[in-house]
Amino acid sequence: MTQIKAPSTSTSISTSTLKRFPYINNDPSTLPRSLDPFTITTSTGFMPFIMSPTQLPEPFQPVVDLLERMPVTKLDGTPGLLATYSLGPEVAKLPDLTAEVDKLVTADGSMDLYAVTAVFRDYSFLASAYILEPCWENWSKNPENGYGLGRDVLPRAVACPMYRCAQLLDIPPFMSYAAAYSLFNYTVEEPSKGLTYDNLRLVRAFEHGLDPKSSEAGFILTHVDMVKWSQGLISGALKVVDTLEEGGSRNVVNDGFREILTSMEKIEASMEDMWANSKPGDYLSFRVFIFGVTSQSMFPNGVVYEGVLDDKPLYFRGESGANDSMIPLLDHLLQIPMPSTPLTKILHKFRAYRPLPHREFLAYMNAKAAEVDVRSFASQDTETTILFLKTLNHVRSFRWRHWLFAREYIIRRTPHPTATGGSPIVTWLPNQLSAVMDMMISMYDTYLAPQKNSEAGAHGLTGYDATYQKQVEPMMEMVRDQRDKLAKEVEKWCKERGV
């Protein structure tokens, strides 16, 4: 079992933060498996503190065997069940192993949430492949005709154990970004090489993803490669809010922002590699398997989980990179105001699909940033304001690149109106992106622009230096141009699609 190893950080944590997150500064190798594997530390960030297993406990071997036979292309390169659209009958042969889930305990009798998460991951892959297999067949044979209908009943042998795992983890019983598809779905070929991209391998895949050079593997593993740098976001954000809470120095707050900026540079460099790691022309193929049930034409009546909640139809949002926690953390820290729209409500609904430790940490940071009023503090000093603005710019840059991915991988290639998570494909990302741009322009116009013509500064800012202005003026010119370009693009795509 390989532990996650990341650069350690020396973050001074406030008493209130330590009380709420007692493991935040712990060595991940010392943490028990009874903890949710997504328990956050300042050395592992939003990654699991322990790498996911490649196999399940022995009673679940029938599930593992089926998953190994399932992909369109198996690990040995031969066709699997999905290549011949023959997974469905094999799922019907599975035993119901729900009772085995509650036997996943540690030596002291606590639930082994590490093992529970692995079991959840594997049932999630099986469930999505099963209900979407008819859509895969329809799309493969005649993509112009769309996806058709999926299976709207999930057999008890998959539904019940997956639902029990989800109860224990306090997440929805459906394929999720962190606990299944991406962040708990990788291993390394050689442990000594760590988490370098070329050393990463998938544990489960739908199409050709067991080949590390495939676009499916590239799509998933690029997300892993990005999130492995997230520890600097955690430690930097805590440095900002904890220093403000305890009345510490502005220099320490500024160091916190610098730590965030350093991490975001690495994260965005990894993100840019998506173009090479996962080809735009390949995405729509394996994408079939990560759709959800909510707001999707393939599931007009939801999906019945046999033996769960009196067999009432259920609706879940699909796997989406929008469920990642890095940018939401910065949204909260920077107090970015989102517009009051139905699109923002979807953003809030995505929260439930994050691991419980992520949800708790993000909620804490949201409340703490508002309590200490990070934005107000930043706007009282020119250097801090510029660091704050540069951090906002990384949020903008990240979301802009995400928009480019959506445009080139999806919008140009399919008329299907919704993303995998059930959000409107054309308008949803611009909703958040425009909010960041608007805030950047407001901050600059209010606090920095007036200083050019004022020796004493404006709005009480201190520490003004004309050289600071040169750092942000080109950036702000680009933001204004990009905001206009985005509005025109969205209008164009909406008009073409009759939205």
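User: Where does H402 lie?

Analyst: In this predicted model, H402 is part of helix 17.

User: What does the UniProt annotation say about H402?

Analyst: An unreviewed UniProt entry annotates H402 as "binding site".

User: Is H402 buried, exposed or partly exposed?

Analyst: H402 is partly exposed, since its relative accessible area is 24%, and buried would require under 20%.

User: And which residues does H402 touch?

Analyst: Leaving aside residues up to four places away in sequence, H402 touches M271 and L429.

User: Moving on to helix packing: at roughly what angle do helix 13 and helix 17 cross?

Analyst: The axes of helix 13 (residues 326–333) and helix 17 (residues 382–411) cross at roughly 145° and come within 10 Å. The crossing is left-handed.

User: Which residues make that contact?

Analyst: Helix 13 contributes M326, I327, L330 and D331, while helix 17 contributes V395, F398 and R399. Sorted by class, five residues in this contact are nonpolar, two are charged and none is polar.

User: New topic: how many aromatic pairs does the structure hold?

Analyst: There are 23 aromatic pairs. One of them joins W275 and F405, whose ring centres are 4.7 Å apart. Their planes stand at 55°, so the pair is tilted.

User: Where in the chain are W275 and F405?

Analyst: W275 sits in helix 11 (residues 274–277) and F405 in helix 17, so the pair links distant parts of the chain, 130 residues apart.

User: Which of the two is buried, and which partly exposed?

Analyst: F405 is buried, at 10% relative accessible area, whereas W275 is partly exposed at 26%.

How values were computed:
Residues numbered from 1 in each chain as written. Predicted model: local features only at pLDDT ≥ 70, side-chain atom pairs only at ≥ 80, totals over all residues. Heavy atoms only, no water. Axes fitted to C-alpha atoms, helices over the stretch in contact; angles between N-to-C directions. Helix = DSSP H or I, 4+ residues; strand = E, 2+ residues; numbered from the N terminus. Left-handed = near helix turned anticlockwise from the far one by under 90°. Contact = heavy atoms within 4.5 Å. Nonpolar A, V, L, I, M, F, W, Y, C, P; charged D, E, K, R; others polar. UniProt positions renumbered as here; feature names shortened; annotations may be inferred. Buried < 20%, exposed > 50% of the residue type's maximum accessible area, 1.4 Å probe, protein only. Phe/Tyr/Trp six-rings, centres within 6.5 Å; stacked < 30°, edge-to-face > 60°.
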